Amino acid sequence: MWPIVEDARLTSGELARGFYDSERERMTGSIDRHDLYVADYRYEWFVEDIADSVDRLSGDYTVVTDNGAELTSRTGKNAGAGVLAEVMKIVDDGGRETVAKAVEDDPLALGWARIAGGSESCSFCTILISRGPVYADSEAAGAMKAYHRYCDCRSVPVFNRDQWPGRDQYLEAEQQYVQASKDAKEAGVSVETMLRRKIEGRA
């Protein structure tokens, strides 16, 4: 499995590099090459990242539900989906990390933003999308860890705060967050819980 994952992750990083270069030239007019880091990945990291999912293949395991209260025992027979989801995350992270690192090293970049890859995002991702192009430097490392399994969010570079891919999506998420914050305060719940209710049509 490792050679396939390694190759796919490298491809993800190279595609992100191509997008970064084209967006940089389009927004800044600069044709000077920016020596862009392509996210590397090592076999020992892969083993560590996928260990939990592989362990679940061999027997029962316990998970915590969204409300943090109920514990559910499940057999390992469905854990193969977890392995696949982790592999997909590892591959997608190649592109995400490439953009984040490039922004950190590029004096023309203002930062990077998180945008949704699909038509709808979970409450957790909506909150992070609503932050807009605030990620840069040391913030990027922590923000990269916020991508979860089955997450289709992407990282995009920002060179102009008034014009960047996904800006309309960010503004919509920002409005959702502001409204959810008000409603959450009245209901006595967290903003993420209120957003989840709204996304699921329960509020």
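Predicted model: local features only at pLDDT ≥ 70, side-chain atom pairs only at ≥ 80, totals over all residues.

Biologist: Okay, how many helices and strands does the chain have?

Modeller: The chain has seven helices and four strands. Going along the sequence, the order is α-α-β-β-α-β-α-α-β-α-α.

Biologist: And what share of the residues is buried?

Modeller: Of the 203 residues in the chain, 39% are buried. As for the surface, the accessible area is about 11,600 Å², and carbon and sulfur atoms account for 50% of that.

Biologist: Let's switch to helix α7. Which of its residues are buried?

Modeller: Helix α7 covers residues 191–199, and its buried residues are Val191, Met194 and Leu195. Looking down the axis of α7, those buried residues fall within an arc of 100°, so they line one face of the helix.

Biologist: Why would residues a few places apart point the same way?

Modeller: An α-helix has 3.6 residues a turn, so residues three or four places apart point the same way.

Biologist: Nice. What do the buried residues of α7 pack against?

Modeller: They pack against α4 and α6. Just after α7 comes glycine 201, with a positive phi of about 75°.

Biologist: Is tyrosine 150 buried or exposed?

Modeller: Tyrosine 150 counts as exposed, because its relative accessibility is 62% and the cut-off for exposed is over 50%.

Biologist: And serine 121, buried or exposed?

Modeller: Serine 121 is buried, with a relative accessible area of 15%. Serine 121 is in the loop between β3 and α4. Leaving aside neighbours within four places in sequence, serine 121 is in contact with Ala116, Thr126, Ile129 and Ile199.

Biologist: New topic: how many aromatic pairs are there in the whole structure?

Modeller: A search finds seven. One of them is tryptophan 2 with tyrosine 41, a tilted pair with 6.0 Å centre to centre and 40° between the planes. Tryptophan 2 lies in helix α1 and tyrosine 41 in the loop between α1 and α2, so the pair ties together parts that are 39 residues apart in sequence. Both tryptophan 2 and tyrosine 41 are buried.

Biologist: Which residues form a cluster with them?

Modeller: Trp2, Tyr41, Tyr43, Trp45 and Phe46 form one aromatic cluster.

Biologist: Last one: where does the charged end of arginine 114 sit?

Modeller: Over the ring of tyrosine 147, 4.1 Å from the ring's centre.

Note on methods
Residues numbered from 1 in each chain as written. Heavy atoms only, no water. Helix = DSSP H or I, 4+ residues; strand = E, 2+ residues; numbered from the N terminus. Buried < 20%, exposed > 50% of the residue type's maximum accessible area, 1.4 Å probe, protein only. Areas by Shrake-Rupley, 256 points an atom, 1.4 Å probe, with all protein chains shown as cover. Contact = heavy atoms within 4.5 Å. Arc of directions from axis to C-beta. Phe/Tyr/Trp six-rings, centres within 6.5 Å; stacked < 30°, edge-to-face > 60°. Lys NZ or Arg CZ within 6 Å of the ring centre and 35° of its normal.
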